[in-house]
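I opened the model to look up a few places by residue number. My notes follow in the order in which I checked them.

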Amino acid sequence: GLFGSFGGRFVAETLMPLILELQDEYTTAKNDPEFQRQLAYFQGDYVGRPSPLYFAERLTEHFGGASIYLKREELNHTGAHKINNCIGQVLLAKQMGKKRIIAETGAGMHGVATATVAARFGLPCVIYMGTTDIERQQTNVFRMKLLGAEIIPVTSGTGTLKDAMNEALRDWVTNVDDTFYIIGTVAGPHPYPAMVRDFQAVIGHETRSQMLEKKGRLPDSLVACVGGGSNAIGLFYPFLDDPDVQMIGVEAGGKGVKSGLHAASLNGGTPGVLHGNRTYLLQNEDGQITDAHSISAGLDYPGIGPEHAWLHEQKRVEYVSATDDEALEAFQVCCRQEGIIPALETAHALAEVAKRAPTLPREHLMVINLSGRGDKDMTSVAHHLGDK
Ligand SMILES: CC/C=C(/N=C/c1c(COP(=O)(O)O)cnc(C)c1O)C(=O)O
């Protein structure tokens, strides 16, 4: 389970039997036509896939350069890419005879997607969520309750995603026999980063065939925001062996990487171990995890998926960052030009498009992962714009 020197399994011994059972179950499922048929069925009739690859004519005109295409993951059921992964993992949980589902959440999109599949498959569900995020993503908190999930507020640390994941991992170690932990991003011990990537790779597979059908060739560049990195790797993965397809991952630059108040684990971090895998993370010289900062709860995480750490070292993907302010600006441009209200996480990818598209010719085909919709962010954005 290694991506170069990244990834692996840094977990308590008590977890190993379940991890090995999960790895066997997943390896079997990957090659099991019945599992793949079930997955495709729910991706189609329940999630609503394939998501459109939409030519954003107004954004293209507005930036005056590259041809901009949006991969509309915000149109999936529940409003983000997270459901792609939750369907796959809940099917595994059922196959393994698990009786209880737990998850962590920051933006609440993974929490809602987990509560959604738990409801649909008749399993009790507990979601761990930091109190900071409960405050800034209230619509998703209410949606989780409507879907029947129990939410456990996490007050430790900064009360954000990292802290929620710590508590979810503790629950999992305690209830390893009857509980399945649906991890919401490409983090955690092997096989999670590879498994979550595989469930999200439907994004890239669809994008490939949609672009070939529309333009008769592959896209020139792919842009996606990076929190833990699941929507990005899902878009990038099917293209990794196409050397002419450029890939840009956009981290949360917060108040600016130099300010120290950011969540840019690659651009502002160093190698270390967190949440069961070796990757890049924000830490001080003693190896203590330092606080992340981002206007967007879903990017507010001091780590990153180990495959991204490896792709960064291999220089196959270019990782840049966008600040809170740049994301807020791009958020508004998307609303006004395309009539699409993106999630604040997604707005970080759009901020990079604002910088990069004008420098490219119209023939350049640029695909952005529109990872989620922004309903959840209305009060937060109103608050921040009020400061303008
Ligand atoms: C797993 C915790 C992350 C969450 N969300 C992250 C997120 C992200 C960043 O997560 P990744 O794709 O895994 O980097 C991007 N776009 C949207 C709309 C998101 O909600 C969540 O709790 O909903």
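Entry 1, ligand. I noted to begin with that this is a predicted model. I listed the surroundings of the ligand and found 25 residues, the closest being Thr105, Gly106, Thr185, Gly229 and Ser230. For Asn231, an N or O atom of the side chain is 2.8 Å from a ligand oxygen. Gly108 uses its backbone instead: an N or O atom there lies 3.4 Å from an oxygen of the ligand. I also checked the cover: the ligand taken alone exposes 520 Å², and the protein buries 100% of that.

I found Leu235 in helix α11, residues 230-236. Is Leu235 buried or exposed? Its relative accessibility is 0%, so I put it down as buried. Leaving out residues up to four places away in sequence, I recorded contacts from Leu235 to Ile203, Gly204, Thr207, Leu222, Val223, Val367 and Asn369. I also took a C-alpha to C-alpha distance from Leu235 to Ile341, which came to 21 Å across 106 residues of sequence.

I looked at Arg197 and Asp198, whose side chains meet at 3.0 Å, N to O. Arg197 has a relative accessible area of 7% and is therefore buried. This pair belongs to a network of salt bridges that links Lys30, Arg197, Asp198 and Glu307.

Arg356 and Glu318 meet at 3.2 Å, N to O. Arg356 is in α15 (344-356) and Glu318 in strand β13 (318-323), so this bridge ties together parts 38 residues apart in sequence. I noted Arg356 as buried at 16% relative accessibility and Glu318 as partly exposed at 40%. Lys355 bridges to Glu326, with 3.1 Å between the closest N and O atoms. Because Lys355 sits in α15 and Glu326 in α14 (324-338), the pair ties together parts 29 residues apart in sequence. Both ends are partly exposed, Lys355 at 38% and Glu326 at 31%.

Which residues form a nonpolar patch on the surface? I found Phe142, Leu146 and Leu147, with about 310 Å² of accessible area together. Leu147 lies in the loop between α7 (138-146) and β7 (150-154). I noted Leu147 as partly exposed, at 31% relative accessibility.

Terms used:
Residues numbered from 1 in each chain as written. Predicted model: local features only at pLDDT ≥ 70, side-chain atom pairs only at ≥ 80, totals over all residues. Heavy atoms only, no water. Patch = residues over 30% accessible without salt bridge, like charges linked within 9 Å, V, L, I, M, F, W, Y side chains within 5 Å. Areas by Shrake-Rupley, 256 points an atom, 1.4 Å probe, with all protein chains shown as cover. Salt bridge = Lys/Arg side-chain N within 4 Å of Asp/Glu carboxyl O. Helix = DSSP H or I, 4+ residues; strand = E, 2+ residues; numbered from the N terminus. Buried < 20%, exposed > 50% of the residue type's maximum accessible area, 1.4 Å probe, protein only. Near = heavy atom within 4 Å. Polar contact = N/O pair within 3.5 Å; in protein donor to acceptor, adjacent residues only side chain to side chain. Contact = heavy atoms within 4.5 Å.
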